Amino acid sequence: MTNVVWIKHAAQLATLAQAGTVPRIKEAMNDLSIIEDGSIWIEDGIIRAVGTTQQLEEQFKDRAHAAEITDATGHLVTPGLVDPHTHVAYGGSREREFEMRLEGATYMEIMNAGGGIHATTKMTREATEDELVEQTKKRLDSFLKHGVTTVEGKSGYGLDLATELKQLRVMKRLQQEHAIDLVPTFMGAHAVPTEFKNREDEYIDLVVNKMLPAVADEKLAVFNDVFCEVGVITPEQSQRILEAGKKYGLIPKIHADEIEPYGGAELAAKVGAISAEHLLKASDEGIKAMADAGTIACLLPATALYLREQAAQGRKMIDAGVPVAISTDCNPGSSPTTSMPLVMNLACISMRLTPAEALTAATYNAACAIQMADKTGSLEIGKQGDVVLWDISNYQELQYLFGVNHVKSVWKKGIKVVG
């Protein structure tokens, strides 16, 4: 039996319609392709029509009785939000480190003392696959409640072959079991584990020669990411890992220039990375290189806030022609949040994005950053019926009324999963 959903009379239907799957840049990030008194018709999970309510009433006048109708009068309707950078599958939590940071400890001081990534690595290694599934499922449930219908998830809390594969298998299971689309990234180079201290190149050999082939053999990841940072993974080591991943069909991503300027943005452009993440300390040369290469800047303003750092230069990047996406960076140490609405607010407040740019960065451009723009990120015929109905009347309110979850209803592939 055909499942039909008809959402009609939206005060604003922000479709973000755009032919193709190229990320938006510069002025185009402000174009939300809004339809007033908008309407959307979804059949068996796929969008079949988008237009004014009057247009769809005429088009489907003989089939209206078969639809589950939602009256969106007075409400904003948008595509489901897309989070293109998370570490959602991990064990345990690190609330003590939050207190330590408030007492003056830096990110790297905590990490070098056995905390940070190393602490989560220990807890993730000790957790069973079923335990990780249950913990991760709760976070995905929270993402849905905040209007997020697609999430990228990284490994990187294993730092050994068995646990890296375990994290990726957890995400593969949840992609099948959970409503959210969960797109997997291998990140064995998230850090060098403590057992390889002073033997860093041996660990890089392990990532290249053992982990990458195993991940590719099981088809567990789409992307390959590294943490290119002073005291973590060098640019030379990062390039080696990313180039090796390309031989297995894994698309490069890179954590770049988060703590110190380190040439990460330039490296992202050089290796043809689909995106560079963080970029708090990206150089002007790096920003230009990314613009020239079409590398998407995936910016994480909640992480900067949590670490009490100056946010990335989002305004400067957009003006320079860099396509910008935004993300929660959901992780246990530097951004334990699942609230993309908050991230949109922060993108405006701390990075000077306009409200329209923030919505584009959290939907269409975010989908481009994880190669999902052919399926989601905008409300267009042929795409998945991933839709959010907000308890506000326009997109400006979404950013103006900050720190509030305005989600009223969420549909994933035409199935109502919230509300």
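This is a predicted model: local features need pLDDT of at least 70, side-chain atom pairs count only at pLDDT 80 or more; totals for chains, interfaces and linings use all residues.
Start with the record. An unreviewed UniProt entry carries the annotation "binding site" for Tyr157, Asn331 and Gly333. These residues are spread over 177 residues of sequence, yet they cluster in space. The largest C-alpha distance among them is 11.6 Å. Tyr157, Asn331 and Gly333 also belong to the lining of the largest cavity.

Take Tyr157 next. Tyr157 sits in the loop between strand 7 (148–154) and helix 6 (161–177). Is Tyr157 buried or exposed? Its relative accessible area is 2%. Buried means under 20%, so Tyr157 is buried.

Gly333 is also in a loop, the one between strand 13 (324–326) and helix 13 (340–351). Gly333 has 5% relative accessibility and therefore counts as buried. Which residues does Gly333 touch, leaving out those up to four places away in sequence? They are Arg94, Arg101 and Tyr306.

Now turn to the aromatic rings. A search of the whole structure finds five aromatic pairs. One of them joins Trp41 and Phe60. Their ring centres are 3.8 Å apart, and 5° separates the planes. This pair is stacked. Trp41 lies in strand 2, while Phe60 lies in the loop between helix 1 (53–59) and strand 4 (68–71), so the pair ties together parts that are 19 residues apart in sequence. Trp41 counts as buried because its relative accessibility is 0%. Phe60 is buried with a relative accessible area of 7%.

A further pair leads back to the annotated site. The rings of Tyr90 and Tyr157 have centres 6.1 Å apart. Why is this pair edge-to-face? The planes meet at 70°, and over 60 degrees counts as edge-to-face, so the pair falls in that class. Tyr90 is in the loop between strand 6 (81–83) and helix 2 (95–102), and Tyr157 is in the loop between strand 7 and helix 6, so this pair ties together parts that are 67 residues apart in sequence. Tyr90 has 7% relative accessibility and so counts as buried.

Together with Trp6, they form one aromatic cluster.

Ile35 and Val50 are 15 residues apart in sequence. In space, the distance between them is 9.0 Å, C-alpha to C-alpha. Val50 is among the residues that Ile35 touches, as are Gly51 and Thr52. The contacts of Ile35 also take in Ala10, Ala11, Gln12, Leu13 and Thr15. Residues up to four places away in sequence are not counted here.

The volume of the largest pocket is about 290 Å³. How many residues line it? There are 15 lining residues. Nearest the centre of the pocket lie Asn112, His118, Val192, Lys197 and Gly231. Helix 3 (residues 107–112) gives the largest share of the lining, with three residues. By class, the lining has seven nonpolar residues, six polar residues and two charged residues.

Conventions: Residues are numbered from 1 along each chain as its sequence is written. Side-chain values use heavy atoms; hydrogens and water are left out. On a 1 Å grid over the protein atoms alone, a cavity is a set of points where a 1.4 Å probe fits but cannot get out, and a pocket is an open set with protein on both sides within 12 Å along at least five of seven lines; lining residues have an atom within 4 Å of a point. Grid points are joined across faces, edges and corners, and a volume is the space filled by probe spheres set on the points. Helices (H or I, at least four residues) and strands (E, at least two) are DSSP runs, numbered from the N terminus. Ala, Val, Leu, Ile, Met, Phe, Trp, Tyr, Cys and Pro count as nonpolar, Asp, Glu, Lys and Arg as charged, and the others, Gly among them, as polar. UniProt positions are given in the numbering used here, feature names are shortened, and annotations may be inferred rather than shown by experiment. Buried means under 20% relative accessible area, exposed over 50%, partly exposed in between (1.4 Å probe, protein chains only). Contact means heavy atoms within 4.5 Å. Rings of Phe, Tyr and Trp (its six-membered ring) pair if their centres lie within 6.5 Å; planes under 30 degrees apart count as stacked, over 60 as edge-to-face and the rest as tilted.
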